[in-house]
Amino acid sequence: MAGPSLASSASASPSRPDSGTRAAPRWYSHAYNRAELYRLAAAMGWLSRPARLWLARAIGRAAGRFFPVERATVRRTLEVMTGAGGARLDALTADVFRDFAMCFSDLVTINRQPLTRLAAHVSYAPGTERLDALESGLISLTAHVGNWELAGRLLARNAARPTHVVVAEEEMQNIERWVRRDGDGVRFVSRTAPTVSLGLVAALRRGEVVAVQGDRALGTRGDTLVPFFGHPAPFPRGPFVLARALRVPLVPAFCMLGPDHRYVVTMPEPLMVAAGAEEDALRSWVALLEDTVRRHPTQWFNFFDIWNPPRD
Amino acid sequence: METDEILDAIKALLVERLKFDPARAAEITPDTLLPQGLEGSLGLDSLDFIELAMGIEERCGITIDEQEDLAPHFESAGALADFVTARQERA
């Protein structure tokens, strides 16, 4: 595995680190970001869920053959994550596309249903009741594993507070309506300007929830290299800076698809970030993420090289 | 606090919390733009704005909890000083 290649650039002043002029990672630029695929998946919504998931599995298995670049990346990633090889590695690679197709199908169908109807498809692991005791603002930390969007919606319902979901400025505006639907107390906040963090500060001061993805580097000085499956990978430090500054907890949340096709929501112990300990907290988060991915390697839905994100 | 005093407080925060060169901070005027991406700005990124907001809360005794879009108030040093002044008068 080649080492990461984060280019450094000159400082703006002798004492102040560069604010970040590196090229942004292009992790969103994969062949699945096509409006036609979202439309096709949504059109399957009239089927019963078992039938829809059966069809999604079949399409997912076939789809892997049509995306050779992503397939090769997934295979290399799984090789590092699982140590598998040969036929076992091929099977795991195919399973990523299968599981992604099922979660993707749910993303544009059941995720759009009223939250009361979602209960039929979701169970909660012990520990999620911790959320009830958190009265201050909080930061929900998720990643692109399982049905992460559903995790955010369920957390918004359970927290009974407005939830601001921070998302990257999507390259293809025409798919936004499929994946970013305000409502049910959820509001999407696009990371279009550096001042976006001010709105998050204000929301946390009001006792609201901020949901962020903790697995995608931004290509700025806010990235920190942390070992992930034994190799350094860039992760965003921003959520940890925000939590430390506002003295609010970070609540890791995962929503994984089980063998019975029900989702299981897990919320490990919240992380509190002491002054100067942002990087330690980030490492704790990455360890939690690694543990989750180790148990569900076929639900790691980042179709790029996490250790060397592609850049513009 | 008067607007000029708040502007001085902003300069001090830039040095103390954001590690700006004091000589560079001293050159800041009300027209100096703050956010990264604007030509001639100080180039503050999202992490800087968190630190700046926290510093202003502590130093100026206000709480930043507005529902409204805060970006226009943090576009320049002068706009920020005016915002803080207005908040202090309202408190």
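Predicted model: local features only at pLDDT ≥ 70, side-chain atom pairs only at ≥ 80, totals over all residues.
1. Confidence. The predictor assigns the complex an ipTM of 0.94 and a pTM of 0.87. For chain B the average pLDDT is 93, and 100% of the residues score at least 70. Within chain B, confidence is highest in α3(B), at 95, and lowest in helix α4 (residues 77-90) of chain B, where the mean is 92.

2. Make-up of chain B. This chain holds four helices and zero strands, and its elements follow the order α-α-α-α from the N terminus on. Chain B has a radius of gyration of 12 Å, close to the 12 Å that the globule rule gives for 91 residues, so it is as compact as a globular protein of that length. Taken along the principal axes, the box filled by its C-alpha atoms is roughly 35 × 25 × 20 Å.

3. Interior of chain B. Of the 91 residues in chain B, 37% are buried. Among the contacts in chain B with a separation of 6 or more, 62% are made by residues 24 or more positions apart.

4. The contact between the chains. On the chain B side 25 residues take part, and they touch 24 residues of chain A. Helix α3 (residues 46-60) of chain B supplies the largest share of the chain B side, with seven residues. By type, the residues on the chain B side are 13 nonpolar, five polar and seven charged.

5. Helix α8 of chain A. Is this helix, residues 196-205 of chain A, mostly covered or mostly uncovered? It is mostly covered, with eight of its ten residues buried. Among the buried residues of α8(A) are S197(A), L198(A), G199(A) and L204(A). The cover over the buried residues includes β3 (163-167), β4 (186-190), β5 (209-213) and α9 (238-246) of chain A, and also α3 of chain B. After α8(A) comes G207(A), which has a positive phi, near 85°.

6. Strand β3 of chain A. Four of the five residues of β3(A) are buried, so this strand is largely enclosed by the rest of the structure. With β4(A) it pairs in the parallel sense over five bridges, and V165(A) stands opposite F188(A) in β4(A). With β5(A) it also runs parallel, joined by three bridges; there the bridge partner of T163(A) is V209(A).

7. A three-stranded sheet in chain A. This sheet is open, has the order β1-β10-β9 (chain A) and shows mixed pairing. Its edge strands, each pairing on one side only, are β1 (122-124) and β9 (254-257) of chain A. On average, and with direction ignored, neighbouring strands are turned by 25° against each other. Helix α6 (residues 148-159) of chain A packs on the sheet and touches β1, β9 and β10 of chain A. The direction of α6(A) makes about 130° with that of β9(A).

8. The β9-β10 pair. β9(A) and strand β10 (residues 263-266) of chain A run antiparallel and are joined by four bridges. L257(A) stands opposite Y263(A) in β10(A).

9. Two residues with positive phi. Most residues other than glycine have a negative phi. R247(A), which is not glycine, has a positive phi near 55°. R247(A) sits in the loop between α9 and β8 (250-252) of chain A and counts as partly exposed because it has 14 C-beta neighbours inside 10 Å. H261(A), also not glycine, has a positive phi near 65°. The place of H261(A) is the loop between β9 and β10 of chain A, and with 13 C-beta neighbours inside 10 Å it counts as partly exposed.

10. F100 of chain A. This residue is found in helix α4 (residues 86-107) of chain A. Why does F100(A) count as buried? It has 24 C-beta neighbours inside 10 Å, and the cut-off for a buried residue is 20 or more. Leaving aside neighbours within four places in sequence, F100(A) is in contact with G60(A) and F301(A). The C-alpha atoms of F100(A) and F303(A) are separated by 10 Å, although these residues are 203 residues apart along the chain.

Definitions and conventions. Residues numbered from 1 in each chain as written. Chains lettered and ligands numbered in written order. Buried ≥ 20, exposed ≤ 12 C-beta atoms within 10 Å, placed from the backbone. Contact = placed C-beta atoms within 7 Å. Nonpolar A, V, L, I, M, F, W, Y, C, P; charged D, E, K, R; others polar. Pairing = 2+ DSSP bridges. Axes fitted to C-alpha atoms, helices over the stretch in contact; angles between N-to-C directions. Rg over C-alpha atoms; globule rule 2.2 N^0.38 Å. pLDDT = per-residue confidence, 0-100.
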